[in-house]
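Trainee: I am new to this structure and would like to go through it slowly with you. Could we look at it together and take the terms as they come up?

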Amino acid sequence: MRIRRFLDVFTIVSLANSILILSVVLVSLVLVVESLPIIARDGLLPLVTSIWNPVKEEYGFLFALGGSLVTASLALVFSLALSIGSAVMYAEFLPRRFRVIVKNLMDLAASIPSVVYGLWGLKVLSPVLRTYIMEPLSELGLSQFVGRPTPAGTSIFTASILLAIMVTPLASAIIRERLLAIPSHIREALYSLGLTKVEVITLELKYIKRSILTATAVSYGRAVGETAAVAMVVGNVINLEFFKVFKPGYTISSLIADQYPNAEAYYFMKHALFYSALVMFFVSLAINIVLLKFGERV
Amino acid sequence: MEHSLRSRVTKTRRLVLIVGIVLVLSTVGSLIVQKQISQTETATVNPQPESKTTSRLVYITGGGASFINPQMQAWIRVFMEKTGGTISINYQSIGSGAGEAKWLEGALDFGASDIAISKTGYEKLKESGKRFIQVPIIAGSVALVYNLPRFSEAGCTLRLTGETVADIYLGKIIRWSDPRIVELQEGRCRNFLPDAEIFGIHRSDGSGTTALFTMYLSLVSREWAERVGYGYTVTWPRDALGLGEGARGNEGVSAKVQATPNSIGYVELAYAVQLKLPVAMLRNRDGYFVYPNATTVMEALRAAAKELPGPQEFWGDLPLKHYMNREGRLSYPIVGTPAVFMYIDLPKDLADALYEFFKWVLTEGQKPENIVEGFIPLPEEMRIKALQYLELLKPRG
Amino acid sequence: MKPLMLRKIRSLTMLALISTAFALTLLPVLSLIGTVVYNGMSVVFRNFPGIFFDIPAAPGSSEVGGIGPHLLGTMLLVALAMAIGTPISILAAVFTAEAIKSWERNLGRLTRLLTHMMIEFPTIVVGLAVYGLMTTLAPYIRALIPGFRPFSLLSGVIALIMVSAPYMYAQVEDGLKSIPQHIREAVYSLGAGRVLTSYVLLRYLKSTVYAAISISLARMISETAALFFTAFGSNVYPPLDSNLLFRPVGSLTLAVYTLGLSGYENWVELSWAASFILLMLCLALFALSKVVIRGE
């Protein structure tokens, strides 16, 4: 009897899930409906061409798609290294009295609007990266692989570093909370086996693999979706060689931010922009399915 | 025992948290409300004559061109003070194209654009059969800015023609020392031009500024018209050579030009004035080199005012046909008139409020004390015509 | 002897890497916060406390004015969105993690997949989709509420929930899933039903839930792109009447964006001040929640 009643309450809770699902479905529906006209006209052509010429109503966004993927992947690599490192530092080494300061600082960092990050990235980060990292490296002869930085220092590389800095507080918080939540008897058991601190940490990180995966998904998501800050430092140039990361480029969301305000003055531009978002959506879907499958197994 | 005590403590703390947040929010909220009430109170103490026509509060939402945003906010501020808060106007810079589109979709009471209603927009309007007006409200012009430290230090000012500017952005002129540029300069300045590559900076976001600039280039260079064309966004041939780059917003272009020696860019005049960037002189149709300023821009628009089409006609390529590269010794060649769009058949209080605001904009608003630094008012001929168009908004009887 | 040396060296390298990562995480944050405080604080105190109530001064004037409408808008948006979004995301997370029957598990899996995808949406697209939805619904809503427009507080709240709910959901659900099975079984074995068990487990995860809430709050306060075509922004106070929910409102982030890109010195200063106030707002909220959590 009692159990029956509780199950009924639980069924009502599924309403919350339905609301979340419904909202995603509605957003996707808008994406699909708005993309249809350009799909009907060009099919898959916009995915493999790099032209953006509204004057002739020609739209191909391979350059932005590539830019998005390269930027987000690079950012992911940097931010994972930073967030795992800083979370471990916080949970295992930092004296309690510094924790409050660091935690507040990181929470604060996660709350700073991306526009402010963008402004800082443009005025502080870009020149520093250009002078101390990009120029020396391209002088060393790497320029044929990574391209030559422009005088302003804005590039795909700069954007990915800025993104890494932006998503690290969030990713680090997820890992940190999980590390702290590891039951102390497990930790004590590990130490009692005679393992060094580093070995314990390695095992603990294996133990919380799932949360690291969540942090990865969240960071990747934020990196792909970030608009305002990226638009300020990525350079906004139609760059066919988006893999040369020291050159300026575009991402899907910065393309949308740049072009949407005047898109509706043209017949197909708005639809092309929604199409680009739809394609990004499918890429994310694929990545998420892989992560989810992997995550369930862990 | 201990556990239940602890949980009670937790509950108390949670309560404290909630109460705290509510307190903070409500204190600030009520302070704001109070402030607003006191504002309206002071306003009712000194009612202005204008406020007689509208008894209850009207809230107007408008949006569009980002270029006119500073001027719009300044007008709104002064106007709202004058009318004592009976009309609230909210203008947001969402871009010219979006201003037009969202107005068409009925999300805005008025839209604003750097250029006139687009062809797609005009077709939609014809289809819907709704009556509307478009009214120019301010003058606009595009300035060429550059960064040539040695040249500027020598007290020289860059002189360019439309054809050379087109050739620079087409990638046909590579260096500053190209004879086609050198021959335009004053004799003593010719030696100060560096033998360096020109770095061509342009807007990366779609913008009315780009539309005006590329319209002008299409007008003066046949090759530009055929290869590139004009619009809010175009494909820049110079980028393909690795000698050009985009930047976001007028602000972004100005910043990039400032940061990059040997670069050239184009911005709305107000930004060039604000940021004190070196501005190039352009050769006009009569062969004189002119700066963009109040005199030269108004002179060009004065010549164009006579040919302004009716408020409900398709203005489309208006700047191209009537405004740009006009005759006259003092005419600056790249000019336009940002305009606002409104539907005619509106609820009476809304129509009255819109009429009252834009009438004020076109009379008091054009006086120097209400013009923001860097902006240029409409010439008299254009202003009178705009006021005539606005009269269509006034419900008859 | 040798393996021990190797272990020591590995230990030291790891430690060095960890410290470097930690330093590299904190350094940019400090530089950024320093920049905001340096540029923003003096402006706030130049017009104190008017900066919290006034509307922005005319561009190019020597005064800065204030960001009252934007502050009010941010508070309305965030308060409403938190009030609606928090229960939805936490309940959905509980449902997903504690699902037993096969339909429950499937629904949970679908929610997880879809919300994770939602995180990847550029927020500007979320905003556009909400705008599209509201434009479609506007004629019907107008039958109930005359004068309804897609640009409104309501649209802004919906967009904010859509942007931040997936984060909160992912974090809480992830936390619940990682609770060792034996703890869950222990609670059940006491005879607790699923609802009570979920409640106990949530209490167990308190710090994760608080972290999720504060991160969500931060996401909402700092969101810009999703508000462009929903809340729309406003430099004037909306009339505080029964139609408030259906009128455009400003937001601090929109103010930072539009004022910061304007090129007018006093507006750029105001945009720094807005950033500073955003920062302080978050700090105050965090400090408050810290006071509550401390000691537990």
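Mentor: Helices (H or I, at least four residues) and strands (E, at least two) are DSSP runs, numbered from the N terminus. This is a predicted model, in which local features need pLDDT of at least 70, side-chain atom pairs count only at pLDDT 80 or more, and totals for chains, interfaces and linings use all residues. Residues are numbered from 1 along each chain as its sequence is written, while chains are lettered from A and ligands numbered from 1 in the order in which they are written.

Trainee: Which residues of α4(A) meet α8(C)?

Mentor: Two residues are in contact if their C-beta atoms, placed from the backbone, lie within 7 Å. On the α8(C) side, the residues are Ser214(C), Ile215(C), Ala218(C), Ile221(C) and Ser222(C). Those that meet them from α4(A) are Asp107(A), Ala110(A) and Ser111(A).

Trainee: Which helix gives the largest share of the side of chain C that touches chain A?

Mentor: The contact joins 80 residues of chain C to 75 residues of chain A. The largest share of the chain C side, 19 residues, comes from the helix of residues 2-46 of chain C, namely α1.

Trainee: And where does the largest share of the side of chain A that touches chain B come from?

Mentor: Here 23 residues of chain A and 28 residues of chain B take part. β1 (52-53), α10 (228-233) and α11 (252-263) of chain A each supply at least two residues of the chain A side. The largest share, five residues, is that of α11(A).

Trainee: How many of the 14 residues of α2(B) are buried?

Mentor: A residue is buried if 20 or more other C-beta atoms lie within 10 Å of its own, exposed if 12 or fewer, and partly exposed in between, with C-beta atoms placed from the backbone. The buried residues of α2(B), among them Trp75(B) and Phe79(B), pack against β2 (87-93) and α15 (348-362) of chain B together with α9 (252-260) of chain C. The helix is largely enclosed by the rest of the structure, because the number of its 14 residues that are buried is ten.

Trainee: What is the strand order of the open sheet in chain B?

Mentor: Two strands pair if DSSP finds at least two bridges between them. The edge strands, each pairing on one side only, are β6 (159-160) and β11 (289-290) of chain B, and β10 (residues 281-283) pairs with β11(B) in the antiparallel sense over two bridges. The sheet has three strands with mixed pairing, in the order β6-β10-β11.
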